[in-house]
Amino acid sequence: QLQLVESGGGLVQPGESLRLSCMPSTTIFDTATMAWHRQAPGKQRERVATIYPSGNTNYATPIEDSGQGRFTISRDNARNTVYLQIDRLEPEDTAVYYCRANWAGQEYWGKGVLVTVSS
């Protein structure tokens, strides 16, 4: 059973940056589509960004429209880790951020990591 472990969350002030990490329990990036989602308090979970086995990336339209380039998904194959960089954090970014993998015909989710943006 594949496991995804997220890390890097915490309490940050508006305007700061944060990098979230997601490490699968085995190496899958050559065939897995990895994504970050988030769920803000009282809202539905939404996709933030996706990175494909090719390395191509895609950002959810609302994130692209309102995020103004603040979100960057990336992958380090040597470290077996997917990252989500969030710059110029805003209180509206407060959410639990989840890592998702689509691999071998199945979908896997991490337990999530809380990001709180507050002064």
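The legends below describe an overall view and several close-up views of a predicted protein model.

**View 1**
Followed from the N terminus, the elements of the protein come in the order β-β-β-β-β-β-α-β-β-β-β-β. The C-alpha atoms fill a box of roughly 40 × 25 × 25 Å along the principal axes, and the radius of gyration is 13 Å, which agrees with the value near 14 Å that a compact globule of 119 residues would have. Of the 119 residues, 42% count as buried, and the accessible surface of the protein comes to about 6400 Å², with 44% of this surface belonging to carbon and sulfur atoms. Among the contacts between residues at least 6 apart in sequence, 52% join residues that are at least 24 apart. The protein carries 11 positive and 12 negative side chains, and the centres of these two sets lie 4 Å apart.

**View 1. Arg-70, in the loop between the helix α1 and the strand β7.**
The helix α1 covers residues 61-67 and the strand β7 covers residues 71-76, with Arg-70 placed in the loop between them. Is this arginine, Arg-70, buried or exposed? Arg-70 counts as buried because its relative accessibility is 4%, which is under the 20% limit used for that word. The side chain of Arg-70 reaches the backbone oxygen of Arg-88 at 3.1 Å. Leaving aside neighbours within four places in sequence, Arg-70 is in contact with Gln-85, Ile-86, Asp-87, Arg-88, Leu-89, Glu-90 and Asp-93.

**View 2. Arg-88 and Asn-80, two residues with a positive phi.**
Most residues other than glycine have a negative phi. Arg-88, however, has a phi near 45 degrees, and Asn-80 has a phi of about 55 degrees although it is not a glycine. Arg-88 is found in the loop between β8 and β9 (95-103), where it counts as partly exposed because its relative accessibility is 43%. Asn-80 lies in the loop between β7 and β8 (81-86), and it is buried, with a relative accessible area of 12%.

**View 3. Ser-21, a residue of strand β3.**
Ser-21 counts as buried, since its relative accessibility is 16%. Which residues is Ser-21 in contact with, once its neighbours within four places in sequence are left aside? They are Val-5, Glu-6, Ser-7, Trp-36, Thr-81, Val-82 and Tyr-83.

**View 4. Gly-8, in the loop between strands β1 and β2.**
Strand β1 covers residues 4-7 and strand β2 covers residues 10-12, and Gly-8 lies in the loop that separates them. Gly-8 is partly exposed, with a relative accessible area of 34%. Although Gly-8 and Leu-18 are 10 residues apart along the chain, their C-alpha atoms are separated by 7.3 Å. Beyond its neighbours within four places in sequence, Gly-8 is in contact with Leu-18, Arg-19, Leu-20 and Val-113.

With neighbours within four places in sequence set aside, the residues in contact with Asn-58 are Arg-47, Val-48, Ala-49, Thr-50 and Tyr-52. One of these, Val-48, is 10 residues from Asn-58 in sequence, and the C-alpha atoms of the pair are 8.7 Å apart in space.

**View 5. Thr-31 and Pro-41, two loop residues on either side of strand β4.**
Thr-31 is found in the loop between β3 (18-24) and β4 (33-39), whereas Pro-41 is placed in the loop between β4 and β5 (46-51). The C-alpha atoms of Thr-31 and Ala-104 are separated by 7.8 Å, although the two residues are 73 places apart along the chain. Leaving aside neighbours within four places in sequence, Thr-31 is in contact with Pro-53, Asn-102 and Trp-103. Pro-41 is exposed, with a relative accessible area of 64%. Pro-41 and Pro-62 are 21 residues apart in sequence, and their C-alpha atoms are 17 Å apart in space.

Note on methods: Residues are numbered from 1 along each chain as its sequence is written. This is a predicted model: local features need pLDDT of at least 70, side-chain atom pairs count only at pLDDT 80 or more; totals for chains, interfaces and linings use all residues. Side-chain values use heavy atoms; hydrogens and water are left out. Helices (H or I, at least four residues) and strands (E, at least two) are DSSP runs, numbered from the N terminus. The radius of gyration is taken over C-alpha atoms; the globule rule is 2.2 Å times the number of residues to the power 0.38. Buried means under 20% relative accessible area, exposed over 50%, partly exposed in between (1.4 Å probe, protein chains only). Contact means heavy atoms within 4.5 Å. Accessible areas come from the Shrake-Rupley method with a 1.4 Å probe; for residues, only the protein chains shown count as cover. Lys and Arg count as positive and Asp and Glu as negative; His and the chain ends are not counted. The place of a charge is taken as NZ of Lys, CZ of Arg, CG of Asp or CD of Glu. A polar contact is a pair of N or O atoms within 3.5 Å; within protein, one must be able to donate a hydrogen and the other to accept it, and residues adjacent in sequence count only if both atoms are side-chain atoms.
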